[in-house]
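User: I am new to this structure. Please take me through the terms used for it, and say what each one rests on.

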Amino acid sequence: MKLYGIKNCTSVKKAMDALRAGGLEFDFLDIKKIDEGVLDFWLSQREFKELINTAGMMAKKLALDKQALENLEKSTLKKLVLEHPSCIKRPVIEHQNRIHVGKEYEALI
């Protein structure tokens with residue numbers, strides 16, 4: 001299991017604590033260091049609207065609201081996400097070739 005996040009993010013800390021309490025082991029990876037291959041894998045299962053935290057500061061700074069996610073070209077969105085990965089909803093967990101975003105980790109416990 002891989003958990004992508006930012007160490008000082010409250011949501012990530014809660015997820016890490018819950019997974020550990022549930023006896024699950026994981027590798028922590030800094031979401032700010034994802035590459036195009038990782039993002040492509042996530043996008044093979046999820047849409048941008050599921051990955052972007054539109055309520056977050058970075059998404060607001062980039063004007064990535066729900067309308068922008070509908071209207072922008074996928075290549076433009078991909079470039080923005082790779083340049084500003086902190087706009088991704090956290091945590092993102094890869095487990096058994098499936099992607100879990102945000103509080104979806106609760107289903108793993």
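Analyst: The buried residues of helix H2 pack against strand S1 (2-5), H3, H6, strand S3 (92-95) and strand S4 (98-101). Packing here rests on contact, meaning heavy atoms within 4.5 Å. Helices (H or I, at least four residues) and strands (E, at least two) are DSSP runs, numbered from the N terminus. This is a predicted model, in which local features need pLDDT of at least 70, side-chain atom pairs count only at pLDDT 80 or more, and totals for chains, interfaces and linings use all residues. Residues are numbered from 1 along each chain as its sequence is written, and side-chain values use heavy atoms, with hydrogens and water left out.

User: Which residues of H2 are buried?

Analyst: Val38, Leu39 and Trp42 are. Buried means under 20% relative accessible area, exposed over 50%, and partly exposed in between (1.4 Å probe, protein chains only).

User: What makes Gly37 partly exposed?

Analyst: Gly37 also lies in H2. Its relative accessible area is 48%. That value falls between the cut-offs of 20% and 50%, so Gly37 is called partly exposed.

User: Which residues of helix H6 are buried, and why are they placed on the same side?

Analyst: Leu77, Lys78, Leu80 and Val81 are the buried residues of H6 (residues 74-83). They cover an arc of only 165° around the axis, which puts them on the same side of H6. They pack against helix H2 (36-43), helix H3 (48-51) and helix H5 (66-71). On the other side of H6, Ser75 and Lys79 are exposed.

User: How do you know that Ser75 is exposed?

Analyst: The relative accessible area of Ser75 is 54%. Exposed means over 50%, so the word applies to Ser75.

User: What makes the protein as compact as a globular protein of its length?

Analyst: First, its make-up: there are 6 helices and 4 strands. Along the sequence they follow the pattern β-α-β-α-α-α-α-α-β-β. The radius of gyration is 13 Å, close to the 13 Å that the globule rule gives for 109 residues, so the protein is as compact as a globular protein of that length. The radius is taken over C-alpha atoms, and the rule is 2.2 Å times the number of residues to the power 0.38. Buried residues make up 38% of the 109 residues.

User: Where is Gln96, and why is it called exposed?

Analyst: Gln96 is in the loop between S3 and S4. At 67% relative accessibility, it is over the 50% cut-off, so it counts as exposed. Asn97 is in the loop between S3 and S4 too. Its relative accessible area is 65%, so Asn97 is exposed.

User: What is phi in Gln96 and Asn97?

Analyst: Gln96 has a positive phi of about 50° although it is not a glycine. Phi of Asn97 is near 60°, also positive in a residue other than glycine. Most residues other than glycine have a negative phi, and most peptide bonds are trans.

User: Which peptide bond is cis?

Analyst: The bond from Arg90 to Pro91 is cis, with omega near -5°. Pro91 is found in the loop between H6 and S3.

How values were computed
The arc is that of the directions from the helix axis to the C-beta atoms.
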